[in-house]
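Good morning. I would like to walk you through one model today, so please have the sequence and the structure open.

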Amino acid sequence: MSIKIFAKLAEIYSKDPGRMLLHTGTIGWILSCAAQTIAIATNDKIDKKQKAYLIPQEIFDGLVNIVSFYVLTKSFKDIFLKLVSTGKLANKSIMKFLQKNNLTNKIGKMDFNIEKLANYSEIEPEYRAFKDGVGVVSSTIGSIISCNIVTPILRNKLANAPSRVLREEMDKMDKEKQNPVQSYNSYRSPMASYMNHAGGMKI
Amino acid sequence: MISGVGNNCNNINFGGHFGNFASKARQSFYDLIKNRVVKEGGDRFYKFAGDKISSAEVRLILGCTALMTQPFIDFHNHKQDEETRKVSVCRTVAKIIAGMTTGFLVRKGTIKLIQACSKYPVEKFPKWRTIFTPKNISNMSERDLRNHQNDIGTWVALGVMLFTNFLIDAPLTKLLTNLFTSKVVKKPQDKEMRGVA
C-alpha cells in the first residue's frame, strides 16, 4: 500500500524534479519547526527569558520559510523555466532546432512553448536534460535567497515583538513574587478576631 | 473588469482589460530579459546539475550556505541583549549542523536504497530488488528512471524524517546548543568572580 503511494507520488513529480524539491522542502520545514520548538521548550539549560525570544523565533522561522519558499523560490524557478520553454534561455542544440524550424521570431513570446511543437520529440532528450538542470539550479538559488537570507532577517524582526511582551510579563511576575501585594482577603479579620474586637457588642 | 462569467464557477473568465493588462505586463517583464544561448561550459553545468543533484545534495548546499549567513544575521539583531544573541547564534549553528547532517544522510540513504530496490526485473535479481521498479521500465529512458528513483527516495526520506526530526535532529540540536553555549556564554558565577577580581 505505502509502496503504491510512493510510486504514485514519484509518477506525479518525475516530469518536474524542481517542483518536488519545493513540496518536500515545505513539509520538511513544518516537521523540523515542530521538533525544534519542543526541543527549546524542554531545554533546561536555556534561561526562560532567552526562551521567550528563541521559541517565537523558531515558530516564525517555520512560517516565514514556507511563505518565502513559495513566493521567492517558486517564482524564481517558474521564471527560469518559462525562459527555457519560450526559448529565451537555451543551449546551442535547442537554438539550432529553433533556427532549423524558422521559429526564431517566436522566441520569448508568452504563448510560445517548445514542448507544444509538433516535432518536439526531435529535441526532447536534449531539451529535458537542459530544462531539468535549469529547474534544479534555479530552485536551489531561490532556496538559498529565501531560506538563508530573507527568512532569518524577517523571523528575527517578527520574533522581537512577542519576546518583548513575554519578557515584560515575566518581569511583572518576578516583581510580584519578590514583593507580594496582600490581597483584599488577607486584610479581612477572621471572624474570631472580629468577635474579639467587637467587645461586648451584641450582634 | 470581469469580461464574462460562464455557467459554473470553473468557467469564470477574468479576461477583458485586466487579463490583457496582466499578460502585457508579463510579456514586458520577460522582454526586459535578454535572450541567452549558454556556452558549452554552462550547458554541461546545467546537465550535470539535472543529472547529479538530488534533494540530498540540495540539503547539503543549503546547509553550507546557511552557515555562512544565518549566524551573522542572528548576531546583528540588536533588539536583543548580547547574551540572548549569543545563545541564538549557538542554537542556529547547532540546528544547521544537525539538520544538514541528518537531512543529507537520510535523503542519500533512502535514494540509494530505492536505487537498489528498483532493478530491471530479470532473473538474477531477487524479488525484493524490484519492489520499487516502475511498471513501464522498458519504455523509460535512463533519465526517467533516475528521476523516478530520486523522487521515490525523497518521499521515503520525508517519511523517515517524520521520526528523525524528533528522535535525532532536535536532541542533537539541543546537545550541540548546550555545548556551544557553554563555550561562548559566561555563567553568572564567572561574572561574579570577574567582578570580585
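This is a predicted model: local features need pLDDT of at least 70, side-chain atom pairs count only at pLDDT 80 or more; totals for chains, interfaces and linings use all residues.

On one side, 62 residues of chain B take part, and they are in contact with 66 residues of chain A. Together the chains bury about 5,900 Å² between them, and 63% of that area comes from carbon and sulfur atoms.

Now the polar side of the interface. Between chain B and chain A, 32 residue pairs are in polar contact, counting pairs with both residues at pLDDT 80 or more. Which elements of chain B give two or more residues to the side that touches chain A? They are α1 (16-32), β1 (36-37), α2 (40-52), α3, α4 and α5 of chain B. The most comes from α5(B), with 20 residues. By class, this side of chain B divides into 25 nonpolar, 19 polar and 18 charged residues.

Next, the salt bridges. Side chains of opposite charge can pair when their charged atoms come close. Over all chains, the structure holds 18 salt bridges. Across the interface of chain B and chain A, the rule finds six. Let me show you two pairs. In one, Arg155(A) forms a salt bridge with Asp74(B), and the closest N and O atoms are 2.8 Å apart. This pair crosses between chains: Arg155(A) sits in helix α5 of chain A, and Asp74(B) in helix α3 of chain B. In the other, Arg128(A) is paired with Asp144(B), with the closest N and O atoms 2.8 Å apart.

Last, the cavities. How many of 30 Å³ or more does the structure hold? There are four.

By class, the lining of the largest cavity has 17 polar, 10 nonpolar and six charged residues.

That is the end of my part. Thank you.

Technical notes. Residues are numbered from 1 along each chain as its sequence is written. Chains are lettered from A and ligands numbered from 1 in the order in which they are written. Side-chain values use heavy atoms; hydrogens and water are left out. On a 1 Å grid over the protein atoms alone, a cavity is a set of points where a 1.4 Å probe fits but cannot get out, and a pocket is an open set with protein on both sides within 12 Å along at least five of seven lines; lining residues have an atom within 4 Å of a point. Grid points are joined across faces, edges and corners, and a volume is the space filled by probe spheres set on the points. Ala, Val, Leu, Ile, Met, Phe, Trp, Tyr, Cys and Pro count as nonpolar, Asp, Glu, Lys and Arg as charged, and the others, Gly among them, as polar. Contact means heavy atoms within 4.5 Å. Buried area is the accessible area (1.4 Å probe) that two parts lose on being put together, summed over both. A salt bridge is a side-chain nitrogen of Lys or Arg within 4 Å of a carboxyl oxygen of Asp or Glu. A polar contact is a pair of N or O atoms within 3.5 Å; within protein, one must be able to donate a hydrogen and the other to accept it, and residues adjacent in sequence count only if both atoms are side-chain atoms. Helices (H or I, at least four residues) and strands (E, at least two) are DSSP runs, numbered from the N terminus.
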